[in-house]
Amino acid sequence: MQKDIHEKNSNSFSGAGGYNNLTATLALAKASFRSIMRSPSAVVFTLAFPLIFILVFGFLGGGGTHIDVGVTPGSDVNNPVMGMLEKTGMIRLVKDKSKTEFAKLLEKGNVDAMIDVHRKVNSAAYSVNVVYTSASRDKGGILKSVLNNIFYDKTLKPNVAEIKESTITGREYKTIDFILPGQLGFSLLSTGVFGTAFVFLSLRQTLVIKRFFATPVRRSSIVIGEGIARIGFALIGALFIILIGHFFFGFTLVNGALTVVNMLVLATLGIIVFMGFGFIISGIAKSESMVPPISNIVTLPQFLLSGTFFSIEAFPGWLQPISRALPLTYLNDAMRKVAFEGLGLWDVKFQIMILLLWGIGIYAVAVKVFKWE
Amino acid sequence: METKKAIISIKDLVKKYDDFVAVHGLSFEVFENEIFGLLGPNGAGKTTTLEIIETLRAKTSGEIIVDGFSVDQHPQNIKQIIGVQLQAAGYYPNLNLIELIELFAGLYGANIKPMEMLEKVNLQDKAKAKYKALSGGQKQRFSIATTLINQPKIIFLDEPTTGLDPQARRNLWDLITEIRDAGTTVVITTHYMDEAEQLCDRVAFVERGQIIALDTPDNLIDKLVNSGFERKKEVKKANLEDVFINLTGQEWRE
């Protein structure tokens, strides 16, 4: 009889003496969360790095490059060409200086080009004279292509109405709207990969896990407790980044709080997938010094190729398939669609599905290579 | 001795690692409420044996019963009633002692007051300190505190006094004796024979994975003396450690 009771107890969920796995899991989650909050590297990777990038790009504002174009004295100013140049947002027209002043500025590259527009005699068309300077070849090149773009459509039939048509008023897509989701993805990736890999390797090496095994705790409780803490920490970080981006840099949240919730749901999915990489790395790394190089093999390509800083359309054709194979690409993509286009989670189901497929693959490997001792 | 009840019984325990046989048919019993010492040189199989009893390591063959539970069928029940101090184990990083005790209380499902646990091992002043910041003796006392959280019937201490100074060592002996007097069975490994002689009720000598002697320290010494053994040097009434303690004082410094 006594034996029967023990038999039953050891197989039942709560175990002998009313042992509660939930209590154990939560105790672990609490301990882990405290530990993460006090770990400088976790805070730096999750918050400081992304915020620094956001700060830098946030202040760069409209996208960086400005071209100063001097307007030759005597040039026609009320013409569509000038207007279109100014509308690009990239070109600053410099007026009200004498010819000699301009000549000096041009020589030093302080203005990147000079422009002179005149209406052609007996014609509706304009003639545009542009003088570039060898002191500023790059920007001259950009101006050239901007002008070409304009002329390709418009110079032959300079109709004012037509030009107005080409200026679309849409929601302004700011740099922050592109940069922030990318930084958020990067934050989740590094927290998931580095954090998980370091913690499990060090718990294993310092025999902390072995000591845990001498208690009635289940292995699943250890993994889940650790996961809860890391997901919680990553989401707090994500919320922080989103709010700072929104209130200080004008990050667009089309549907307000709902958009934030959708982003956090995506963040949760992302961090879970990325933690899988961390589990794998903790299993294959032999020492703590092996964690950063292996982790970088996972994170760096995604950092560079997953559209964190540049749209992957900007990459050469042969590189794009690689970009489109990486999980962070889909997280970034989904984040941008949800935040800027205001799509719901169901609208980004394709991206979510790819992430889930990655998750299944990663955890299938993790189960094989993860080591407890 | 026949009247004592065995709380751990081990029969023909064998542990093989590939070709290497670490434990070679060990059999012994540990009685309730005694301090039982496993003695032997490094690599004799002491730690392996302890870890098998603690359910941390699988055995190759043999039978182990701990307080009526078999390690094969009821490892979870065994974990509930034992406390384990591992050789050289660390603790969860970045947490202070109180938080670590809270963590273990959660893992054991024990409802205890963390401060009371620390008071038991005289570490209440270090409640907010990190484990890494403790001295060697404090670390061992903290480890012992974590073994007591679930009010275990048996605690296992693997070389708890290695590396401690004489005062810290004696302080730990007192603590271990108190724990035994409070009704807990203690299984301990050590390399120090003076420690085993003073502390242990019974000791087993392990050599190459086998038990070569098991008795009370007194009986073992008597047997050797009766066989005609004599120390080369006449034993004085005190030894150098007594001199050390006498000169530097009993009380323990951190």
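Visitor: How many residues does the contact take from chain A and from chain B?

Guide: Keep in mind that this is a predicted model. The contact takes 30 residues from chain A and 26 residues from chain B.

Visitor: Which elements give two or more residues to the side of chain A that touches chain B?

Guide: They are helix 1 (2–11), helix 2 (21–37) and helix 9 (208–213) of chain A. Helix 2 of chain A gives the largest share, eight residues. By class, this side of chain A has 14 nonpolar, twelve polar and four charged residues.

Visitor: Now the helices. What describes two packed helices?

Guide: The angle between their axes and the distance between the axes. Take helix 8 (residues 175–205) and helix 11 (residues 257–284) of chain A: the angle is about 35 degrees, and the axes are 7 Å apart. Helix 8 of chain A passes helix 11 of chain A in a right-handed crossing. Contact residues include A:Gly185, A:Gly192 and A:Phe200 of helix 8, and A:Gly270, A:Phe274 and A:Gly278 of helix 11. By class, the contact has 14 nonpolar, eight polar and no charged residues.

Visitor: At what angle do helix 11 and helix 15 of chain A cross?

Guide: Roughly 25 degrees, and the axes come within 9 Å. Helix 11 and helix 15 of chain A are therefore roughly parallel to each other. Their crossing is left-handed. Among the contact residues are A:Gly276 and A:Ile280 of helix 11, and A:Trp358 and A:Gly359 of helix 15. This contact divides into 15 nonpolar, four polar and no charged residues.

Definitions and conventions:
Residues are numbered from 1 along each chain as its sequence is written. Chains are lettered from A and ligands numbered from 1 in the order in which they are written. This is a predicted model: local features need pLDDT of at least 70, side-chain atom pairs count only at pLDDT 80 or more; totals for chains, interfaces and linings use all residues. Axes are lines fitted to C-alpha atoms, for helices over the stretch in contact, and angles run from 0 to 180 degrees between N-to-C directions. Helices (H or I, at least four residues) and strands (E, at least two) are DSSP runs, numbered from the N terminus. A crossing is left-handed if the near helix is turned anticlockwise from the far one by less than a right angle, and right-handed if clockwise. Two residues are in contact if their C-beta atoms, placed from the backbone, lie within 7 Å. Ala, Val, Leu, Ile, Met, Phe, Trp, Tyr, Cys and Pro count as nonpolar, Asp, Glu, Lys and Arg as charged, and the others, Gly among them, as polar. Angles under 35 degrees count as roughly parallel, over 145 as roughly antiparallel, 65 to 115 as roughly perpendicular and the rest as oblique.
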